[in-house]
Amino acid sequence: MIEDLFARQLSAIAEGDLEALLAQYHKDAMIVRLDRVVTGSAEIRAFFTAYLDLKPQVQEIKALQTVNDTIFYNAVMTLNDAQVNTFGTLIIRDTRIWRQTAAALHL
């Protein structure tokens, strides 16, 4: 179930487990943010290495919608001790994250 994938995603982030995080992503994954697009395993590895260096912590899942192959979420997080309001979409293909969008607004 895609809810299980989301729970694994949160756990990998909480534990700072790069390999567990990367295992969630499809071989053809793409991450889209307003400032960049990340594709391919090497770029995704570099992206999440830098992301985990920010010591992300999920403080609260404010909203979560799961429909078929899509997860849409809103969460309050801290990145390097700065609180941000995040929004994102995960689209699942073959039990892995195939497409992801993400945006964060400082609170």
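This report describes the fold, the sheet, the core and selected loop residues of a predicted model.

## Basis of the model

Residues are numbered from 1 along each chain as its sequence is written, and side-chain values rest on heavy atoms, with hydrogens and water left out. Because the model is predicted, local features need pLDDT of at least 70 and side-chain atom pairs count only at pLDDT 80 or more, while totals for chains, interfaces and linings use all residues.

## Overall architecture

From the N terminus on, the order of elements is α-α-β-β-α-β-β-β-β. The radius of gyration is 13 Å, close to the 13 Å that the globule rule gives for 107 residues, so the chain is as compact as a globular protein of that length. This radius is taken over C-alpha atoms, and the rule is 2.2 Å times the number of residues to the power 0.38.

Along the principal axes, the C-alpha atoms fill a box of roughly 35 × 30 × 25 Å. Of the 107 residues, 36% are buried (under 20% relative accessible area; exposed is over 50%, and partly exposed lies in between, with a 1.4 Å probe and protein chains only). Among contacts (heavy atoms within 4.5 Å) between residues at least 6 apart in sequence, 39% join residues at least 24 apart.

## The sheet and its helices

The 6 strands form an open sheet in the order β2-β1-β6-β5-β4-β3, with mixed pairing; two strands pair if DSSP finds at least two bridges between them. β2 (37-39) and β3 (57-67) stand at the edges, each with a single partner strand, so one side of each lacks a neighbour in the sheet. From one strand to the next, the twist averages 15°. β3 and β4 are antiparallel over 9 bridges, and V58 stands opposite M77 in β4.

Two helices pack on this sheet. α1 touches β1, β3, β4, β5 and β6 (96-106), and its direction makes about 165° with that of β3. α3 touches β1, β2, β4 and β6, and its direction makes about 125° with that of β2. Axes are lines fitted to C-alpha atoms, for helices over the stretch in contact, with angles from 0 to 180 degrees between N-to-C directions.

β1 and β6 run parallel, joined by 5 bridges, and V32 stands opposite T101 in β6. β5 and β6 are antiparallel over 10 bridges, with I91 opposite R99 in β6.

## The nonpolar core

The largest nonpolar core has 26 residues; those with the most contacts inside it are I31, I44, F48, Y51, I71, L90 and I92. The elements that give two or more residues to this core are α1 (2-15), α2 (18-22), β1 (25-33), α3 (40-53), β4 (70-79) and β5 (82-93). Such a core is a set of buried Ala, Val, Leu, Ile, Met, Phe, Trp, Tyr and Cys residues joined through side-chain atoms within 4.5 Å.

Leaving aside neighbours within four places in sequence, I92 is in contact with I2, L5, D69, I71, I97 and W98.

## Loop residues with positive phi

N68 lies in the loop between β3 and β4. Although N68 is not a glycine, its phi is positive, about 50°; at 73% relative accessibility, N68 counts as exposed.

β5 and β6 form a hairpin with 2 residues between them, and D94 in the turn has a positive phi of about 55°. T95 is in the loop between β5 and β6. T95, also not a glycine, has a positive phi of about 65° and is exposed, with a relative accessible area of 59%.

Definitions and conventions:
Helix = DSSP H or I, 4+ residues; strand = E, 2+ residues; numbered from the N terminus.
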